[in-house]
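Here is a short briefing to read with the model open beside you. Please take a look at the sequence and the structure first.

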Amino acid sequence: MKRSIRISVFVTAGAVLILSGTTLVSRWLSAAEDPAATRSLAAAAATDDGALFTAFVPVLRNPRCLNCHSQGDFPRQGDDGHPHAMNVRRGPDGHGVTAEKCATCHQDHNLSGAHMPPGAPHWGLPPPSTPMIWQGLTDAQICRSIKDPKQNKNRSLEQLVQHFTEDELVAWGWNPGEGRTPIPMPRDEFVAKVKQWQAAGAPCPNGAGTRAKS
């Protein structure tokens, strides 16, 4: 009888150990197969060459963005980036000078008709204190400049991402009005890529890389 009890206890203990081991292995395999974990690993692997940033930098180079982030003290127009008509200037706050204020022609929405004045809330250029010019810069230089609070209107990374993904002035690039070419990359794709870049720690490319057109 005592021998039978000992055997029973031994078998039960062995079963518990096997079950525990199986559970641990199962949890480990589940974690390894977790899509979120896989995505994190993929993102970490891409940080070495700045691929997460270069995936969306074409939007920043597009004329809809670059025309307000170009060299000089004036905005540009058109896909060719020619200087704004009527000799419009940046002004002390980025909204023009004297009678040539941005709001004189630009409202908070596009006016109907081909090549009529476009518009969006807060229409204007960055102020002269932080002009946010990236025309002529490499990918790496653009990345570093937009992350630098001294150059991006004192924005944190979270605020920068919010500006890219939620600001109506940025969103205008996908709805620029009749007669203008919208940004080719779908906006939801751009937003997703910006947030992936943020989640990976906002890595910048290394080396000289590609330069934005002059």
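The points below go from the overall fold to the aromatic residues. Keep in mind that this is a predicted model. The chain holds 10 helices and 4 strands, and its aromatic rings form 8 pairs.

**Overall fold**
- Along the sequence, the elements run α-α-α-α-α-β-β-β-β-α-α-α-α-α.
- Of contacts between residues at least 6 apart in sequence, 62% connect residues at least 24 apart.

**Burial and surface**
- The chain has 214 residues, and 36% of them are buried.
- Its accessible surface is about 12,600 Å², with 59% of that belonging to carbon and sulfur atoms.

**Aromatic pairs around Phe190**
- Among the 8 aromatic pairs is the one between Phe56 and Phe190, which is edge-to-face, with 5.8 Å centre to centre and 80° between the planes.
- This pair links distant parts of the chain, 134 residues apart: Phe56 lies in the loop between α3 (51-54) and α4 (57-61), and Phe190 in helix α10 (residues 187-199).
- Phe56 and Phe190 are both buried.
- Phe190 also pairs with Phe164: the ring centres are 6.1 Å apart and the planes are at 65°, so this pair is edge-to-face.
- Here the partners are 26 residues apart, with Phe164 in helix α8 (residues 157-166) and Phe190 in helix α10.
- Phe164 is buried, as is Phe190.

**The aromatic cluster**
- Which residues form one aromatic cluster? They are Phe53, Phe56, Phe164, Trp174, Phe190 and Trp197.

How values were computed:
Residues are numbered from 1 along each chain as its sequence is written. This is a predicted model: local features need pLDDT of at least 70, side-chain atom pairs count only at pLDDT 80 or more; totals for chains, interfaces and linings use all residues. Side-chain values use heavy atoms; hydrogens and water are left out. Helices (H or I, at least four residues) and strands (E, at least two) are DSSP runs, numbered from the N terminus. Buried means under 20% relative accessible area, exposed over 50%, partly exposed in between (1.4 Å probe, protein chains only). Contact means heavy atoms within 4.5 Å. Accessible areas come from the Shrake-Rupley method with a 1.4 Å probe; for residues, only the protein chains shown count as cover. Rings of Phe, Tyr and Trp (its six-membered ring) pair if their centres lie within 6.5 Å; planes under 30 degrees apart count as stacked, over 60 as edge-to-face and the rest as tilted.
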